[in-house]
Amino acid sequence: MNELMHEVINKFNTINIMCGTLALEIEAGTFPENNKALLKKRLKDLVENIDKEFSQGKMLLAEIDSMLKDVLHCYSETEHFLKTIKSSVCLLETRFSSLKDDLTKNCYDTAANSIIISLHAIEEKALACGIVLNELKGALIKSGKYIKK
Amino acid sequence: MGKKILIVDDEKNLTTALDSFFQSKGHDIYIANSGDSALGFLKKEKADLILLDLSMPGIDGIEVARTVKKSYPGTRLLILTAYSEEYKQKLASIEPDGIMTKPFGVLTLINKVQELLGEQVLITPQPEGAIKFKPVKILFIDSSIDYAAGYIIKDYVLPYIKLSWSRNIEVEAVSPHSSSAIHEKITHFKPDIILLSSVLSMQAKNLAKEIEQGLCKPKEVILYNMPDEEAAKESPLAAYYDMQKSLMDPDYLDRLNELIKDTALKHNLIDKTAFNREKPRLPAESIKQFTVDDIANFVKNAISEELELKGVTLKDDTSFIADLGVDSLQTIQLTMALEEVFGIELPDEDVAKLQTIGDAVNYIKEKVNLEAFTKRKKSQHKILIVDDQQGMCNFLENYFLTKGYRAMSTTSAKKAVSMAAKEKPDVILLDIRMPDMDGIDTLKEIKKQAPMSKVIMVSVASEREKDAQQAGADAFIAKPFPIAYLEEAVIKKVKELTS
């Protein structure tokens, strides 16, 4: 449980940091107008990496879900944490799709604001998932059902 | 100067993101994906700061942390971990310089890193040719712009709204009275949100129709100051907000500001990180700092067309206003505007007494303590910011506004010369690299037009300091600079002027 939980927290933390730092770099004007290719590459890499981290994160969440149900038998006590995480994951997924849409359209001038908005929104939702996972960990420790390292 | 930062983490995506970000801030970044390689690096190189994950293959983070604290005492150590609970006791014995539990916010991490590196937050202007992102554009269309109350919009409402957004906003105002001016403004500015004051509902309706017919394509038009609910119902626009109060009312302004924010969020123009959490601190009394001369100027602007038609030559004092009669509608509008500015309760019977502009001004003179206003005015200094980067202009203008200056800005050197001639600012912050005129030539022109103004040249091109001094610059500051340093230079120049 311990390893599993931390792995998911790490996944969401990584997504949060990847999006947050890139949004800040864009806003600080790091990318030159005459080399939009650089920004495009960064965004392309980012999408690929989020895809990987996110799909692994969702699989690990499903494992946690079943562990709480089948092994620890404490699903009813922890259900509200998982519901909150799932709703954040849904919102993250929506924002991620809209980011991918903008990049597919390849419109860096007209959709530029919406790229930054999506990056900050993914950052926020990923951070929220991590925070709730930490709360879940706290609740499990309190109930004595948390298996430490 | 860049610092050496070693990032030790086996999460490749995380290290890549941090590597790129801190490199963009001018630091030298080194990555180690395991404890062994981190210690190997430290044997060869010295790091100013280590960002260290605890759970790693091989030598774990705890071991690395112990070694760092024992063998490299000059190196700051920041632990990044999801296991802070599990390693609580071990970490307490190691005493790192900071522990951040995953997940952490990006800004929290950056602030901590800056704190450990002993850095001040530097202004980093957008580099030349950076990809610029579209700001949200907000346009106020308000009849009071032509009158004395126009100061409320320009000096109070616009700065207040700008200060409550941390980025990506442009706010402008235009009067609805000149059809050509408004068409020009809308066509060039292309607002996302229009705020339409509807005291004169016919004009508002006509304008609304034109917008609907495609004059421009704002995401939303918000009506405010509707004369009555009935007029609002007839309006072809979607929204009616019962805000009959003056814009001077802080509650009213807050509600209007919230409405703008909600509209921007609703249309996905911006995300909520664009808003400052703290309410702007713009003292309400700041707009009441008027002198008798100011009143004269308000009146002059308000009736300029009539003056032209009558061929009246103005004297350089206030006496003209008492001699000049204008039609009663104009008087009432003007009086209402002055009422808003000075906050005078104006009973109906008194309105009837005010048949001329002179009557209105005399009435105001009786009701308000002009001497006090005059004193306050003297305590406030004007500062003009001239920079080709709009973001820099906005930042510095807002900064000095909050510090009590009457700040104004422009991105055009030519406009700066005319503003200096007209406004005679106490201090001018002038960028050397300007698109329409070289900064040194601009400085020479400004010194001709406003010889008393103190000019501080600001530039990344420090090799031009000598040129600037020879051309008459009062100070030179090289970019980037800490904001406190710039403010200190401004205060020094203001003191020189007043001593």
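In the predicted model, Arg66(B) and Glu63(B) form a salt bridge whose closest N and O atoms are 3.8 Å apart, a salt bridge being a side-chain nitrogen of Lys or Arg within 4 Å of a carboxyl oxygen of Asp or Glu. The two residues are three apart in helix H3 of chain B and are thus separated by about one helical turn. Arg66(B) is partly exposed, at 38% relative accessible area, and Glu63(B) is likewise partly exposed, at 38%; buried denotes under 20%, exposed over 50% and partly exposed the range in between (1.4 Å probe, protein chains only). Helices (H or I, at least four residues) and strands (E, at least two) are DSSP runs numbered from the N terminus. Local features in this predicted model require pLDDT of at least 70 and side-chain atom pairs pLDDT 80 or more, whereas totals for chains, interfaces and linings use all residues. Residues are numbered from 1 along each chain as its sequence is written, chains are lettered from A and ligands numbered from 1 in the order in which they are written, and side-chain values use heavy atoms, without hydrogens and water.

The buried residues of H3(B), which spans residues 61-71, are Gly61(B), Ile62(B), Val64(B), Ala65(B) and Val68(B). Seen down the helix axis, these residues fall within an arc of 160 degrees and so line one face of the helix, the arc being that of the directions from the axis to the C-beta atoms.

A further salt bridge, at 2.9 Å from N to O, joins Glu220(B) and Lys266(B). Glu220(B) lies in strand E9 (residues 220-224) and Lys266(B) in helix H10 of chain B, so the pair ties together parts that are 46 residues apart in sequence. Glu220(B) is buried, at 16% relative accessible area, whereas Lys266(B) is exposed, at 58%. Thr263(B), also located in helix H10 (residues 250-266), is buried at 5%. Beyond its neighbours within four places in sequence, Thr263(B) is in contact with Ile193(B), Glu220(B) and Ile222(B), contact meaning heavy atoms within 4.5 Å.

Between the chains, 44 residues of chain A are in contact with 40 residues of chain B. The two chains bury about 3600 Å² between them, 57% of it on carbon and sulfur atoms; buried area is the accessible area (1.4 Å probe) lost when two parts are put together, summed over both. Ile17(A), Asn113(A) and Ile117(A) supply 15% of the area that chain A buries against chain B, more than any other three residues. The count of salt bridges between chain A and chain B is zero.
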